[in-house]
Amino acid sequence: MASTGVVGDINTYYMGTTGGGLWKTEDMGLSWKNISDGVFKTGSVGAVAVAESDPNVVYVGMGEHAVRGVMTHHGDGVYKSTDAGKTWKKIGLDLTQHIARIAIHPKDPNVVFVAAQGALYGHSTDRGVYKSTDGGTTWNKVLYIDDKTGCVELSMDMNNPRILYAAMTEYGRLPWKVISGGPTSGMYKSTDGGETWKKIQKGLPTELGKMAVAVCRSNSERVYALIESDSDKEKGGLFVSNNAGESWSLVTKDHRLIQRAWYYIELFTDPKDDNTIYVLSAPALRSEDGGKTWENLSGTHGDFHDLWINPNDSRNMVISNDGGAGISVNYGKTWSTQANMPTAQFYRINVDNTFPYQIYAGQQDNSSVVIKSRELGSGGITTASWTSSAGGESAFLAFNPDDPRYVMGGSYQGTIEVIDTKAHAGTNIMPAPIQYLGMDAKDIKYRYNWNAPIIWSKHEPNAFYHGSQLLLKTTDMGVTWTEVSPDLTRNEKSKQGKGGGPYTNEAVGAENYGTLAYVIESPHEKGVIWTGSDDGYVHVTRDNGASWQNVTPAGLQECLINAIEVSPHDAATAYIATTRYKFNDHAPGLYKTTDYGKSWTKINTGIPNNAFTRVVREDEVRKDLLFAGTELGVFISWNGGKDWSAFQLNLPLTPITDLRVHKGDLIAATSGRSFWVPDDLGLVRQYNKDAADFSLFKPEPAMLMKGNSELDGNSAEFDGSNPYRGVNPATGVVIYYQLPELKEKENITLDIKDAQGNLVRSFTSQRDSTFKRYDGVPPADPTLSKSKGLNRFVWNLRYPTMKGVPNVYIESSYRGHKASPGKYTATLKSGEKVITTEFEILPNPLYPTDAKTYLEYHTTMSSMEAEVTKMHSMINTLDNKREQLDRLLKNLPKEEKYAVLKKDGQALVQTMKQWDEDMVQRKSKAYDDVENFPNKFTANYLFMLNHTESDIPKVTKPTLDRLKELNAVWSGLQNRGQQILDKDLPAFNKRLWDAGVGPVWTN
């Protein structure tokens, strides 16, 4: 996480996320908007800075800064905006991979320095301090030590920007170890704008790991340094220089400041007070006495990484942590919410078969979660739609998908629990309850991956498997465990030492090596289980663990087997997703076998060389339809992996950690942008590159339910996301059709018919030119789009909308009722071309309604809707004729011979008015008018109709009784209306003709 404010604008802030891109708020954190989607080519931001002299100039350095081994995200250099984030330009340093800080000259936005950490898992010369004097058009590397030493922090003296301080650290990781410094680490200072640098280490330890440095804006002579050093010898801590870095003295060894150094070591000074300093660690800490004593800053998430303090007002700051960014204007007493940022980082997906189905996953630096795939009775998925689940942040979650009451979930170092979701409580069931924290991996009984696999067996009741370096099994919810395999890893003891060194150990579990990373049971055959290790081994058993075969692809280099997929169509076919990013190799690594692993084929063609792979899945319905999740998004193959193409659509470019095909959906877990789902997988399954220009695709089944979604509309502008909540799937029938280029006056129609061939609804691409808006107007029918290529239309399941009365507000809905479950057809017409497809509306499994009740409901509603349209049609017809007659009478000559005619005409007008007043309340023209003026007949009828329409259909006896009453009244009113239309008006028209005056129009 990296964040910054804007000098002179207290409302505007930028937030750079890991995997989630760059976000901006212009309302002090009330809402955030992503401003990098579609432009940035990688998803992780390490640094963001706004020029103090020109707030339009923004520089962004890419690549995770506090770099984790379990989910590393590299970057692709530096981006720049000169219009406050509206547009962006890539300006180089592509191979730096991880950028820690950007410092901009306070008076000249074209002078900029970049602290480049460089490659994490390999040696590279693309690291150090870079400088540009032309706004990033060209760059010079002004400080470079060697190919393994990067710049982890850079501080500019804002009173004299020629002076800079740089913390250079021997930096990197191995798959099994965090490198915590070395002899090439050092603190450096430049006094000539980076042209030359001097090592400034008098008073600092000789053993240097990660460091942070900050020069005080209020006193340039005072410089603070936070130093990781030899932890056994207690040499690290907070240091201060009162002579601009010439010499240093130790302030404190407080372990809170230097714990877990690779992840933290972040230091900031108050721009107004050189005694007030901040250190970001697991807690955020502030000292107001130069580091002697410290207080916690609370109110946000935890695990802190960046801080910007307004140089003009120290009370205003933005802080970054593993939960997002928080803004304060009162010195950190309170902070803006972090609950409005859809930037969650998820690990592995599991799903259940409930309705709506739920998605389960571990969430980085948070709890595991279970979240609904849609929210019933609501417009979207909110925080009320999810809850925590078993285990911790890195959990695999396992359960019986048909009865997910008991959920087994793990966490790092082998902790595991099973929770009872009804009791909201759990039981710890660790196979060997040993505290592994701090231990060398070689001394651990069961070596667990950070993301240790847990699965439920579909073939053996109550059986669960848990992977360490070997496979463990329980059939009694963890009361007992059995080892059902030997060590299924390379088991290289040289790679099972301390997780960190030489100065600080790291033994949380992410560096455990020689562990199982993935376990999957064949969906076809009992006793067939596949495993993949984090050091590149693939094993399979076909006899329930009695024997195991090493089926690792020949020549496969040491790598992480991150996912295995057994084809849903063939028991012998499987896929593996491998990755070597921990060896600084970002190439994809997908393999396929069709003979239980005896032979393998590499299937990467079409995936870019820098898009390393984490997961591959095959569609459940269409054989050989594959989806791959990579560091750079999703790819699709139509031919079993022979070639791939990007499948991004509106999905942000973000790392994909897992994919799952379930109930016609493709679910993507991302590392930085939460969950994404393309609901219309049925369309993808029907894709044919040779499809005709004029095509109608079979819609996926729809289901009767309460709720709504932005996807119920047909706007091409909707990007699939909502800034405040998750988006529900569409609640109607989603119809896709393909068109050739049509002429402007060519139109298309779509007819929906039921199983008996009755027309349910008809739509057209031609807009209704007679539609007029007024308060309470019934909605206009949606129009079909007719663009060349693929078009989308959502039928809301409703019968035609009833007619209204212009400029009359009736507090009712005019929408037709929803169609009943059953089979339907859709027919698309364009000129002489006609194409028809079938689809189905499914009953809601939560509703008790049977077929007989649906039929009674449909019959009753259809009858009432037809009557309302008849009533309002008669009202509108008679009102139109009354207006004609009124005008005609006013224009009659004043001669005596017309006096009787005028008198009788006025009496007829009054009869028509009286009938109209009995039918409708014309004084009601706005929402609250209905409180002032009594309802008339059609309003009462519509109320009964709307009352009868329920989400769970049922026609009650009181409704039928009331309908009988109102139908009797309507019979009389209808007779009066027909008397006027059929007798009174024609008779008066004859008199008008006889008098030589034109008639009232018949129509």
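Let's start with the nonpolar cores, meaning sets of buried Ala, Val, Leu, Ile, Met, Phe, Trp, Tyr and Cys residues joined through side-chain atoms within 4.5 Å. The largest one has 65 residues, and Trp530, Leu590, Phe627, Trp644 and Leu659 have the most contacts inside it. Another core, of 42 residues, lies apart from it and includes Met802, Leu878, Leu885 and Val997. Buried here is under 20% relative accessible area, exposed is over 50%, and partly exposed is in between, with a 1.4 Å probe and protein chains only.

Please keep in mind that this is a predicted model: local features need pLDDT of at least 70, side-chain atom pairs count only at pLDDT 80 or more, and totals for chains, interfaces and linings use all residues. Residues are numbered from 1 along each chain as its sequence is written, and side-chain values use heavy atoms, leaving out hydrogens and water.

Now, the rings. Phe, Tyr and Trp (its six-membered ring) pair if their centres lie within 6.5 Å; planes under 30 degrees apart are stacked, over 60 edge-to-face, and the rest tilted. The structure holds 23 such aromatic pairs. For Trp638 and Tyr687, the ring centres are 4.3 Å apart and the planes at 35 degrees, so this pair is tilted. Trp638 counts as partly exposed, at 26% relative accessibility, and so does Tyr687, at 37%.
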